[in-house]
Amino acid sequence: MPAPGRLSALVVLFVACAGIVYLARTDVALSADAALTLIVFVIAVWLWIFTRVDDTYIALGAAATLTVVGVTDADALFAALGDDIVWLLLSAFVIAAGVASSGLATRGATFLVTGARTPRALIHLVTAALVVTAFAVPSTSGRAALVLPVFVAIATALADRPRLVRALALLFPTVILLSAVASLLGAGAHLITSRIVTAATGSGFDFATWMLLGLPLAIVSSHAAAELVLWMFTDTEDRHRDLSITAEDIGAQSSTPVTGPLTVAESRAALLLAVVTVLWCTEPLHGIHPAVVALLGALVATSPRYGSVRLGAALKTVPWTLLLFMAATLSIGTALTTSGAADWLATTAFGPLTSRGAAAGPLFVVVVVLISTAAHLVIQSRSARSAVLIPVVVALAPSVGVDPLAAAFVSTAAAGFCHTLPSSAKPVTLFSSVPELPTYTSRDLLRLSMVLGPLSAVLVLVFAWFVWPLLGMALFP
């Protein structure tokens, strides 16, 4: 950041912290613990926005500081590292490593895309395949890395059609990000949201409930985005010219077979993934905790005789910084809730909405969706956005007649849009610079976002008002 801009940002930070100190001395509603929490929280958000310091480093520093000043205790801080959500995600990454090493994902993608005879069919078949991967790999960046070879193979086969290749380059990260809402494990932000809601209200989301609510939105938004990309980045000739992609085209970029009968490793990976998913969805019937199911699945995926990957190799694929970041943000989110800081911040920031009478609730939902959709412009980390927004949303929702569980889900779903800049999300960054292939520029992303951003926000609002109430999650109980 240029020196004048950094100076202005520092002034804003100083004024914000000084204001909190002043209010702590004059506002009886803001306790000392809440004020300390807010100061640490504001500094962390400022660092996330205005510096290039690693997000995890900032989160761990903020969590440790809250312990040093006495807002939280050491036991609570280190308990977050052993939280069942951390174990759930860790085990899910190990399972994903087994599935990826087996070649099952590449074979499935090959089966779908080789059936396409037109660009529109290819675009929507790729979209359908990418939506499914939300249940196989527990992170958007992991899914992007998993399907990148498939994109390279398709792009190589379509080397004479650069506009279609550019459209596909935009499609892959777009669908990966929008379809993450299909699964509780689709993004770390989802688990953070569920834990914050549980701490505040006593009830959160299970795997089946999240899938019931999120999968329809993932399907609709992903295919709508696919059609949008097709129309914006190809011309009439591109859309009507037939194409042919063979299994050999995909196989040339794959280290595992993509045709013929399933290998033993692929069959075992498919069975394991199916069993684990079913057990997650049927938790109320058998009572086995999802983290335990995931841990057992990880042990099977890495077992000496049955598994397709060794435990050591699988653990090397785990993004440990993400797990540490989640643990730290869980600690920060809990401090915001238990100290009263979230309640005070929500009342102060959104207080004017409570005077709107019957319109307060609907207006609150619209404001939450708009802020959540635009938040990626200032906070790049999806998990950090949840850590910042969800405590405030959950704290204020009851005062305007909105169910806090529904408000948290709406905010998290809206935050799935993060496409405006190449740096807005790791999948966008990854597909923006594939060697020797024509992908997209920052201008292309901005052009797409100008339409896709409002479309995504509208879809979330439509689902919040008309679809999710039919599925058991009403905004206004």
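This is a predicted model: local features need pLDDT of at least 70, side-chain atom pairs count only at pLDDT 80 or more; totals for chains, interfaces and linings use all residues.
Helices here are DSSP runs of H or I with at least four residues, numbered from the N terminus.

The largest pocket has a volume of about 980 Å³. Its lining comprises 37 residues, and those closest to the centre are Asp55, Gln380, Ser381, Arg382 and Lys426. Several helices contribute to this lining: H2 (32–50), H3 (55–68), H8 (140–157), H10, H18 (320–338), H21 and H23 (426–432) each provide at least two residues. Sorted by class, the lining holds 17 nonpolar, 15 polar and five charged residues.

H10 spans residues 188–201 and H21 spans residues 382–396; their axes lie 9 Å apart, at an angle of about 25°. Angles under 35 degrees count as roughly parallel, and H10 and H21 are therefore roughly parallel to each other. The crossing of H10 past H21 is right-handed. On the H10 side, the contact is built from Gly188, Ala189, His190, Ile192, Thr193, Ile196, Val197, Ala200 and Thr201, while H21 brings Arg382, Ser383, Ser386, Ala387, Ile390, Pro391 and Val394. This contact of H10 with H21 contains nine nonpolar, six polar and one charged residues.

H21 also packs against H18. The axes of H18 and H21 come within 10 Å and cross at roughly 10°, so these two helices are likewise roughly parallel to each other. Here Leu322, Phe325, Thr329, Gly333, Leu336 and Thr337 of H18 meet Ser383, Ala384, Ala387 and Pro391 of H21. The residues of the contact between H18 and H21 comprise six nonpolar, four polar and no charged.

Helix H14 (residues 264–281) and helix H16 (residues 290–301) have axes that come within 9 Å and cross at roughly 170°, which makes H14 roughly antiparallel to H16. Leu272, Val276, Leu279 and Trp280 of H14 form the contact with Pro290, Val293, Ala294, Gly297, Val300 and Ala301 of H16. By class, this contact of H14 with H16 has nine nonpolar residues, one polar residue and no charged residues.

Notes: Residues are numbered from 1 along each chain as its sequence is written. Side-chain values use heavy atoms; hydrogens and water are left out. Axes are lines fitted to C-alpha atoms, for helices over the stretch in contact, and angles run from 0 to 180 degrees between N-to-C directions. Angles under 35 degrees count as roughly parallel, over 145 as roughly antiparallel, 65 to 115 as roughly perpendicular and the rest as oblique. A crossing is left-handed if the near helix is turned anticlockwise from the far one by less than a right angle, and right-handed if clockwise. Contact means heavy atoms within 4.5 Å. Ala, Val, Leu, Ile, Met, Phe, Trp, Tyr, Cys and Pro count as nonpolar, Asp, Glu, Lys and Arg as charged, and the others, Gly among them, as polar. On a 1 Å grid over the protein atoms alone, a cavity is a set of points where a 1.4 Å probe fits but cannot get out, and a pocket is an open set with protein on both sides within 12 Å along at least five of seven lines; lining residues have an atom within 4 Å of a point. Grid points are joined across faces, edges and corners, and a volume is the space filled by probe spheres set on the points.
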